[in-house]
Amino acid sequence: MGDKLLTISPFNRVEGDLEIKVRLKDGEVVDAYASGVMFRGFEKLLRGRDPLDALVFTCRICGICSGSHSTAASNALRSALKIHMPPNAYLCRNVVMATETVMSHVTHFYAFFAVDFVNKRYSGMPTYKVLLERFASFSGRSYVKALRIRRKILEILGLFAGKWPHTLALQPGGTTRPVDRSEIVRAMGILTEFRSFIEESLLNCSLDRWLDNKSLTGVESWLGEDNHEDSDLGLFIRCGRERGLDRLGKGPCRFLSCGGYDLPDGTAWLKGGYFDGDLNPFDQTKITEHLKYSWFKGNGDAEHPENGTTEVDLDKVQAYSWAKAPRYDGRTAETGPLARMIVNQDPLAIDLVGCLGPNVFTRSLIRLHEAVKLVRQIGIWLQQIDPSQPFYARSEKVEEARGVGLTEAPRGILGHWITIEDYKIKNYQVITPSAWNLSPRGLDDTPGPVEQALIGTPVEDAENPIEVAHVIRSFDPCLFCTVHTLIGDDNARSFVLTTA
Amino acid sequence: MRKVNVLWLQGGCCGGSTMSFLNAEQPDIFAAVHMSNLDVVWHPSLSTETGETVVDALQSFCSGNRSLDVLMVEGAVHRGPDRTGRYFMFHDRPFKDWILDLSNVAEYTMAVGTCSSFGGIPSSGTNPLDATGLQFLREKKGGLLGVGYTSGSGLPVINIPGCPAHPDWIVETLVLLISGELGIDRLDRYQRPKMFYSKLAHHACPRNEYYEFKASAEEYSQQGCLFEHLGCKGTQCESDCNERLWLGRTGSCTRGGFPCVSCTSPRFPDGFVPFFVTEKIGDIPTTLPLDVPKAWYVGISGLAKLACPERLRANAVSFKRIDLR
């Protein structure tokens, strides 16, 4: 890595500054291009700094999964500094990560995804009125409730991480915030309030009852019981299938997860893997980034992030993105909650994908399914903390080292790579989940996962391409995503599909 | 009564101040909209309006056909490369040009977060993107809009720095601006409302007793003061974080056990590195508290250490409470 401007996409609020162009023919998407439209150059900002200061900078890559960046950065530093965290540190970090992820999943569903159900396209459907009453932006009963409870669950982060976003509590040696028994009780109280929302609004049943669902048939019979079909999730399941979301947005059918939520005994709550029909172990050395369609010098290069180069080339003819194209073993892969659950052999995810395939419906349902699992798991981790034992281990400076930090952020695999020389950062690279899912074409011209998921999507009304919005948002590009859709060749028309 | 039109745009940022804004309480965002009769015409993550509707709305503001009461900008404005603004295009147009046009017609212009206030992280180091805040680049007035800029109300850009900004700072400023209660005399030298930024993050820090006796933590997770060894800038940071508290009043940076990095300052981030250790000359930190003369600091801290009770001495370096009689 020379002395160059660096990329974007890993360092970009990728989630926020994305442009998607689709070409329509006979009412169907025949081509799609995902472009990062903002250059942020975070990497250049990091070079030459004190390695620990990366914690301050990198969490500010993203205001929505800030804690995931803290986790990845502190993991990278820990592997470089070769320190071991005490058991409490694992548990507290997992509480922080899981809280952020649950908050993110719930916000995504209510504030950004379900809002599309009340698009005027659907105004003739029988369920429209109830959906409007439930999910309309700023006025829907469940929308308002969800935004309020979102704020509530973040209070756990006040106790465990001081503030959010942009906490510095997650350090290579553990957490700066020991908690005592009183604070564990308070956190349990907050979690219980949040759980009530999940059970009384999202599910209309207990967490455990939902988690008994192991198959599509199971979900279907759950739907018929009690008043489950009236819950927000029940409503989504009914309307989602009625509107054909289970036939939209297939994607590459390859799934990647690095695993996450490390545990004190050396295992992890989520294991990593690569599923392409067979389940293979995850190996970070198989990650490369392609530059062919990015505004950077280099055409035929496939670089491991540790050795990546990023020199701006604004005149590159075929380029259309400030994002590089991450590939695993040379191929595109979907990452996110669905990938995590498939890799971890979650029976419901496996069965849904088996029966319906990966699609907008499956992806969105499994995201909420993961949130329900995590709510239960946060309570378990809280109970395992032993306030009499340490939360932090001191680390010494290191003159020269390399480190890799991987974690599962709400939207999927997040990697940080650091090289330290002369006690300073020599190189720092990040690949975000959205860089994977929203990547441009690679060396072999294969479209990125979202590009691929879009191709073949039927669009009923080019003036209101809601199907395209469903597909993009099923990947949860982020809260901030402003997606521009450029339709047609000659009379190009620009749409902003906001995430809400 | 006509609604108050609010437009929120995001430049080079992480969206953190939007996330923080959503955490508002007393009033929460729903109550604030009601109280001030707001019409949030567009926000990149909260609105349902799409495509041409948004471009039309922006253009109707620019042309003066519709009044823009409050322009809220989150994120730095990228001017590079070569002042083209091409590093961030918004609707096929450099974002900076949109801001120039919209700020011209806005009754009030608010910079939300440190990036739009002062440039923040995107403008740090060598500032490769030529990023800037709306009316400041770090401590230097000017920025994108220039030294002489005032919005329709006659006020300059109202800066609400913080990385992220506290939701109360955003919401209260908005409410007070609209009701005409936030005049130029209520802003400080960096155009921040004094009511939030005339205090120090140090005020109401629960580690203050340790600070008084110079009973300092030697590593993170310990209960002592973070100023002497661990880089805390709370005695320099102009904010009311530890009085106001975050996330349902449950925490703050120093309550979270990590150092304040003075994120509300125009000098953030480069003016406060390294963040996690206190640089010293001899035994004296180079980052002394604001307006405390060095000689007095040295004298008082020497005495304070001598006077330090054993209870504090022991607890300062322990992660859990040690009860001593």
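This is a predicted model: local features need pLDDT of at least 70, side-chain atom pairs count only at pLDDT 80 or more; totals for chains, interfaces and linings use all residues.
Residues are numbered from 1 along each chain as its sequence is written, and chains are lettered from A in the order in which they are written. Local features here need pLDDT of at least 70, side-chain atom pairs count only at pLDDT 80 or more, and totals for chains, interfaces and linings use all residues.

In chain A, helix α4 (residues 87-113) packs with helix α14 (residues 360-384) at about 150°, the axes being 9 Å apart; helices are DSSP runs of H or I, at least four residues, numbered from the N terminus. Angles over 145 degrees count as roughly antiparallel, so that is what α4(A) and α14(A) are.

Now for helix α13 (residues 347-356) of chain A. Its residues A:L348, A:A349, A:L352 and A:V353 are buried (20 or more other C-beta atoms within 10 Å of a residue's own, C-beta atoms being placed from the backbone). Those buried residues fall within an arc of 125° seen down the axis, so they line one face of α13(A); the arc is that of the directions from the helix axis to the C-beta atoms. On the other side sit A:P347, A:G354 and A:C355, which are exposed (12 or fewer such atoms). After α13(A) comes A:G357, with a positive phi near 85°.

As for the two chains, 55 residues of chain B are in contact with 64 residues of chain A, contact meaning C-beta atoms, placed from the backbone, within 7 Å. Helix α1 (residues 16-21) of chain B gives the largest share of chain B's side, four residues.

Terms used. Helices (H or I, at least four residues) and strands (E, at least two) are DSSP runs, numbered from the N terminus. Axes are lines fitted to C-alpha atoms, for helices over the stretch in contact, and angles run from 0 to 180 degrees between N-to-C directions. Angles under 35 degrees count as roughly parallel, over 145 as roughly antiparallel, 65 to 115 as roughly perpendicular and the rest as oblique.
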